[in-house]
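Morning, everyone. Let me put the structure up, and then we go through helices and rings.

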Amino acid sequence: MTGSLEFSEAERTAMDAALAAALEGPRGANPLVGAVILSPAGEQLAVGYHRGAGTAHAEADAIHEARKQGVDLAGTTMVVTLEPCNHVGRTGPCAQAIIAAGIARVIYAVDDPHDPAAGGARTLRSAGVEVDSGLAGAEALQLNREWFDAVAAKRPFVTLHIAQTLDSRIAAVDGTSQWISSPESLADNHGLRGLIDAILVGTGTVLIDNPRLTARDPDGGLSGRQPLRVVMGQRDVPDDAAVRGADGRFLHLPTRDPAEALSLLFEQGVRHVMVEGGSSILSTFLAAGLVDELIVYLAPTLLGSGTPALHDLGISTLADAQHWAWDEAGRGSVRTLGNDLRLHLRPTRPEANTTPNFRPGSEAAEYVSGGH
């Protein structure tokens, strides 16, 4: 059970600040999370957020920021957008960090549905920390709606990446496509590759472009963290294909079904996959409603003909069109990279499906949502 659901104005303001801080982080295998530490008098002492896989969680980040300022955390309150985690992954459990810091009260927006991480609230209460939940629960669920969907479906979070011309071409008539994007866009994409678990293309892309699908640093060398290189499709991948590499981080999924592909990847421990193409694969994932994040590098170039970015999505009337919203997470929805525009979007839903069923105060928030 939670404590009192009567939240002060300072606590509500702190949750607004935590939600805003969460948007500074990138979407992916981990949810966007922000945290604010309040003094007993309601003064905001420190703000933290999660900067991506492998980095400190928002709670630990806020504690670190407070300690840098010499703040005594005994008796303080932490306001956080998601239940503090209770497991050891790449970082330690946030519940234990909160207890060790001497924080007396925790207010969080929504329970963590991820089984390995859940239970932080129970751990905190067992240690004598006062815990309340439900403040801005609907807003916190909306913030990470796609991540909650992926967790519920036991599939990876899916980022779809397109590099295209103004007239939506990804290659010229003769098949040339290197490089439609600017060097700055390419560098940004390689930065993303260093954060994800897997990168996926179709067999057609492998046979035509022979890509390496590696993450590279600005000097062209291999980055320290490399994604699993995945090829999806029923055609064979040549033994000498560059994508196979020599490190064993290659996987061929002999299927054309995106849901099956994601299920197989989840079984391999993949929690964030970036789909890069070609057109058939991009269209297949979009038509199936299995894209959680869309990143488009738009080059100020016209071809007039060539390979379109997308094929038929099964949409015959405007009423059935897919709609996308600008996503301010990370570094904003629209950025200039060299001569290109980088567009960042997330899927929208009919109004009736945008608010999940949520019971604040439950040990496992009831979360039911329709497809994209």
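Which residues are buried in α6? This is a predicted model, by the way. The buried ones are R145, E146, W147, F148, D149, A150 and V151.

Just past the end of α6, K154 has a positive phi, about 55 degrees.

Now the rings. Searching the whole structure gives one aromatic pair. The partners are W147 and F148, arranged edge-to-face. Centre to centre they are 5.2 Å apart, with 80 degrees between the planes. The cut-off for edge-to-face is over 60 degrees, so the label follows. Both W147 and F148 are buried.

Next, charges over rings. R51 places its charged end over the ring of Y49, 4.0 Å from the ring centre. R271 lies over the face of F266, and here the distance to the ring centre is 3.7 Å.

Last topic: a helix pair. α2 covers residues 58–68, and α3 covers 94–101. They pack at about 25 degrees, axes 9 Å apart. Under 35 degrees counts as roughly parallel, so α2 and α3 are roughly parallel to each other. The crossing of α2 past α3 is left-handed. On the α2 side, E59, I63 and R67 make the contact. On the α3 side, C94, A97, I98, A100 and A101 do.

That's my part. Over to you.

Key
Residues numbered from 1 in each chain as written. Predicted model: local features only at pLDDT ≥ 70, side-chain atom pairs only at ≥ 80, totals over all residues. Heavy atoms only, no water. Phe/Tyr/Trp six-rings, centres within 6.5 Å; stacked < 30°, edge-to-face > 60°. Buried < 20%, exposed > 50% of the residue type's maximum accessible area, 1.4 Å probe, protein only. Lys NZ or Arg CZ within 6 Å of the ring centre and 35° of its normal. Axes fitted to C-alpha atoms, helices over the stretch in contact; angles between N-to-C directions. Helix = DSSP H or I, 4+ residues; strand = E, 2+ residues; numbered from the N terminus. Parallel < 35°, antiparallel > 145°, perpendicular 65-115°, else oblique. Left-handed = near helix turned anticlockwise from the far one by under 90°. Contact = heavy atoms within 4.5 Å.
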